[in-house]
Amino acid sequence: MVITNRGLLSSSSSCSHLLSLICCGSEKWAPRSKRLQCRISSLAQSSSTQFGKLSCQSLDQHNLSARRPAVANWSSLTCQASRKEHYSKPLILRSQCQFTTFAGSSQISHKTVQAQAAASTMPSTVQNSQESDSISYISQANAAAIDELLMGPLGFSVDQLMELAGLSVATAVAEVYGVGTYPRVLVICGPGNNGGDGLVAARHLHHFGYKPSIVYPKRTDKPLYKGLVTQLESLAIPFLSESDLPPLLKDNYDIVVDAMFGFSFKGKPRPPFDTLLNRITIRNEAGAENAGSPFVVSVDIPSGWHVEEGDTEETGFMPDMLVSLTAPKSCAKYFTGAHHFLGGRFVPPAVVKTYGLKLPAYPGTSMCVRIGKQTSIDVASLRENYVGHELTEEQANPDPLKQFQAWFEDAVSAGVYEPNAMTLATADADGKPSARLVLLKGYDERGFVWFTNYGSRKAAELEANPRAALVFFWDKYNRSVRIEGSVEKISRMESETYFHSRPRGSQLGANVSSQSSVIEGRHILEQCYKDLLEKYNDGSAIPMPNWGGYRLHPVTVEFWQGRESRLHDRLRYTLTSKDGEEPTWIIERLAP
Ligand SMILES: NC(=O)C1=CN([C@@H]2O[C@H](COP(=O)(O)OP(=O)(O)OC[C@H]3O[C@@H](n4cnc5c(N)ncnc54)[C@H](O)[C@@H]3O)[C@@H](O)[C@H]2O)[C@H](O)CC1
Ligand SMILES: [K+]
């Protein structure tokens, strides 16, 4: 019987009936004591077979208790072991389980199997049982069997699955480590399909704007891999040898993608992967001098880990992020890094059914989904170490509008969500400020335009005090732009043109909302919307309400680029006019 930590465990015995042992350890911990709970159940559900007896006995010094359900035809038993001690060592439960089966009234087999299971030393806050219950973790054997099923009767090809796997990895990386802050990626590829996933991920990361480099020491001649390498070479993505790597990886890389080994890994890593793994492990040791080394993202499995039991070699390797593929492997239960994602949005119902998989839904059009909680966040310590971009006086366009356009286009191509969202700050006649988010709807040499209800609070404030400030923030590049100046309404014709270009639903919505006024409830809006929908359901023009655009004429524009160690770049453009001359922009650097 082979039993692993805290997951569904495979078992074998010479007996014709399979047993499985489900252990859940760390979530049951009490301070300074460890408890391991195992449920032993029969997977043989033959109607002619009934369990006559199933018992469990501890082979160690544990306090073992066994509980069986109070039903006559029972086929499972819960054993619980506990031992008081420090957290430093795993709790190992070795027990002897005995079962006897009957067909009719005669005993047909009697088998004693020994089971061993361990509770890891993870603190109980890291995972909760709800999480383990709501998602399936699969064994090494099942991972391989699922692959065979996919690539056999279910008609998938390895290239196709690898493409989906690599794309999932790249999208998960981009979701957590923005290209603006962490552009330099080292992808370390192993000899098998896990390495292939790494090659695919590198290609997608390149197209997402990252700068990947690859270490691929054990290449294969298979056409699939040769093709992937050729594709990367055609993008001028560098392939490096281990000797090309700097002594401190963080000097050249923000992220390391560990695509060395996946679910077929066995034993201990052989050279050169042992040293490569060492290089991305050191950072986890207390007081390591390279504690600020790159973030490590493991593909499918943290390389070197036992596929089911985790870091059995006690190397201390713990990636910051794990992207499980298809379904998390059992070892993922020991993952305590900050980010756990599941990738591979292709699992057909036949696989889900055959393996009884519980998998989370993928949101929207995402290729990956976050699973598990993000480890608790200390808000005060949230801090990006901005790297990779700069804004020097030499680079800055003398025209702030052109500089804005360049940064805006960068934000759009980096996939920033609503890059035109900006905070608009206004103040009333007494100087009392207020701010809200609005959408930029146009910009040119005349200024920056947005639309709103002319009866809103901002409109009243702009009436009393026609000056405003705008702030953009584009996280993927760690850039912000601040714009200040005077504000005026745009012409009614411009507003009409834009209003009628909007979807009819938005036009009706603008008529419904007497913006910023207090209303009795949402039903007022819904009723009014319904009435207007009926009124204009003949397709006739929807009139523009007291609504329109504003244009801010900038007099100062500041560009802020986040840089390392808080030494940010700040360039402020100020519109300055000397006697009788056309106003011009002067650029000054501000202390960060
Ligand atoms: N269904 C999916 O989601 C898919 C995932 N894919 C990825 O494929 C791997 C599994 O690939 P496989 O080729 O079977 O195995 P590995 O990549 O884990 O590596 C096997 C490779 O490594 C060698 N090896 C084994 N042990 C050692 C060791 N101790 N030291 C050195 N080398 C070792 C072995 O000889 C082989 O050469 C899965 O995890 C996903 O990442 C697929 O891309 C598509 C389907
Ligand atoms: K890996």
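Predicted model: local features only at pLDDT ≥ 70, side-chain atom pairs only at ≥ 80, totals over all residues.

Reader: What makes α3 and α5 oblique to each other?

Author: Helix α3 (residues 158-176) and helix α5 (residues 223-234) pack at about 40°, with axes 11 Å apart. Angles under 35 degrees count as roughly parallel, over 145 as roughly antiparallel, 65 to 115 as roughly perpendicular and the rest as oblique. The pair α3 and α5 is therefore oblique. Their crossing is right-handed.

Reader: Which residues of α3 and α5 meet?

Author: Val158, Asp159 and Met162 in α3 meet Leu224, Tyr225 and Leu228 in α5, where contact means heavy atoms within 4.5 Å. By class, that contact has 5 nonpolar, no polar and 1 charged residues. Here Ala, Val, Leu, Ile, Met, Phe, Trp, Tyr, Cys and Pro count as nonpolar, Asp, Glu, Lys and Arg as charged, and the others, Gly among them, as polar.

Reader: Why is α3 called oblique to α4?

Author: α3 and helix α4 (residues 193-207) pack at about 55°, with their axes 7 Å apart. That angle makes α3 oblique to α4. Their crossing is right-handed. Residues in the contact include Gly166 and Ala170 of α3, and Gly196 and Val200 of α4. The contact has 10 nonpolar, 4 polar and 3 charged residues.

Reader: And what makes α4 roughly parallel to α5?

Author: Their angle is about 25°, with axes 10 Å apart, and that makes α4 roughly parallel to α5. α4 passes α5 in a left-handed crossing. Among the contact residues are Leu199 and Arg203 of α4, with Leu228 and Leu232 of α5. By class they divide into 7 nonpolar, 3 polar and 1 charged.

Reader: Turning to the metal, which protein atoms are donors of the potassium ion (ligand 2)?

Author: They are Asn194 (OD1), Asp258 (O), Phe261 (O), Val299 (O), Ile301 (O) and Ser303 (OG), lying 2.6 to 3.1 Å from the ion. Donors are N, O and S atoms within 2.8 Å of the metal (3.2 Å for Na, K and Ca); water is not among the atoms, so sites may look incomplete.

Reader: Why is the site of the potassium ion (ligand 2) called irregular?

Author: Six donors count as octahedral if opposite donors are over 155 degrees apart and all others between 65 and 115; four count as square planar on those terms, or as tetrahedral if all angles lie between 85 and 135 degrees, and anything else is irregular. With angles of 70 to 167° among its 6 donor atoms, the site is irregular.

Reader: How do you know that the peptide bond from Pro271 to Pro272 is cis?

Author: Its omega is near 0°. Pro272 sits in the loop between β12 and α6 (273-279).

Notes
Residues numbered from 1 in each chain as written. Chains lettered and ligands numbered in written order. Heavy atoms only, no water. Axes fitted to C-alpha atoms, helices over the stretch in contact; angles between N-to-C directions. Helix = DSSP H or I, 4+ residues; strand = E, 2+ residues; numbered from the N terminus. Left-handed = near helix turned anticlockwise from the far one by under 90°.
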